[in-house]
Amino acid sequence: MGETSSPRRGREPVHMNQEVTVFIEDLKEIWQVDLSNKLRYIVHQAIPDVQERIQYKKPHFLKNGKYAAVISTSKDAVSFTIFNATELELPEGLFEGPPERKTIKIRQSQEVDFDHLFSYLQQASASI
């Protein structure tokens with residue numbers, strides 16, 4: 001999988017949910033496991049005290065009981081949704097969805113700018 005930047009270094013995530021760990025480890029494609037773990041790490045770095053759980057058969061990340069992000073997978077992609085995204089200035093054509101939640105579909109070997117995802121998550125979750 002190509003990357004333009006790596007996940008941020010910092011404090012270790014503390015609110016890891018075992019069900020989310022199992023969900024990610026059980027993904028069939030190793031690139032989806034790696035990418036989902038990186039996205040999970042970014043969420044924990046960007047949103048202090050984020051809570052995670054499996055809901056609707058996919059990992060959901062919550063701040064103050066409200067959705068902040070979701071990871072979902074399909075046969076050929078990992079989708080990452082950022083909630084409370086109305087005020088974000090996102091690159092044209094990279095994200096889909098209504099103003100309040102934006103989703104990026106990441107395919108194998110696609111370059112991912114984790115620093116930008118980190119920044120978007122911080123901005124979007126600031127008012128949650």
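A salt bridge here is a side-chain nitrogen of Lys or Arg within 4 Å of a carboxyl oxygen of Asp or Glu. I counted three salt bridges by this rule.

**Entry 1: ground rules.** I worked on a predicted model, in which local features need pLDDT of at least 70, side-chain atom pairs count only at pLDDT 80 or more, and totals for chains, interfaces and linings use all residues. Residues are numbered from 1 along each chain as its sequence is written, and side-chain values use heavy atoms, with hydrogens and water left out.

**Entry 2: Arg40 and Glu52.** I looked up this pair and found a salt bridge with an N to O distance of 2.4 Å. Arg40 sits in helix α2 (residues 30-46) and Glu52 in strand β2 (residues 51-55), so the bridge ties together parts 12 residues apart in sequence. I take helices (H or I, at least four residues) and strands (E, at least two) as DSSP runs, numbered from the N terminus. Are the two partners buried or exposed? Arg40 is buried at 4% relative accessible area, and Glu52 is buried at 6%. My cut-offs are under 20% relative accessible area for buried, over 50% for exposed, and partly exposed in between (1.4 Å probe, protein chains only).

**Entry 3: Asp76 and Arg107.** I found the closest N and O atoms of this salt bridge 3.8 Å apart. The pair links distant parts of the chain, 31 residues apart: Asp76 is in the loop between β4 (66-73) and β5 (77-83), and Arg107 is in strand β6 (residues 101-107). Asp76 is partly exposed at 44%, and Arg107 is partly exposed at 38%.

**Entry 4: Glu100 and Arg101.** I noted a salt bridge here too, with the closest N and O atoms 3.6 Å apart. Glu100 is partly exposed at 39%, and Arg101 is partly exposed at 38%.

**Entry 5: α1 against α2.** How do helix α1 and α2 pack? I read an angle of about 150 degrees and axes 9 Å apart for α1 (residues 18-25) and α2. That makes α1 roughly antiparallel to α2 (over 145 degrees; under 35 is roughly parallel, 65 to 115 roughly perpendicular, the rest oblique). The axes are lines fitted to C-alpha atoms, for helices over the stretch in contact, with angles from 0 to 180 degrees between N-to-C directions.

I then listed the contact residues (heavy atoms within 4.5 Å): Val20, Thr21, Ile24 and Glu25 in α1 meet Val33, Ser36, Asn37 and Arg40 in α2. They divide into three nonpolar, three polar and two charged.

Note on methods. Ala, Val, Leu, Ile, Met, Phe, Trp, Tyr, Cys and Pro count as nonpolar, Asp, Glu, Lys and Arg as charged, and the others, Gly among them, as polar.
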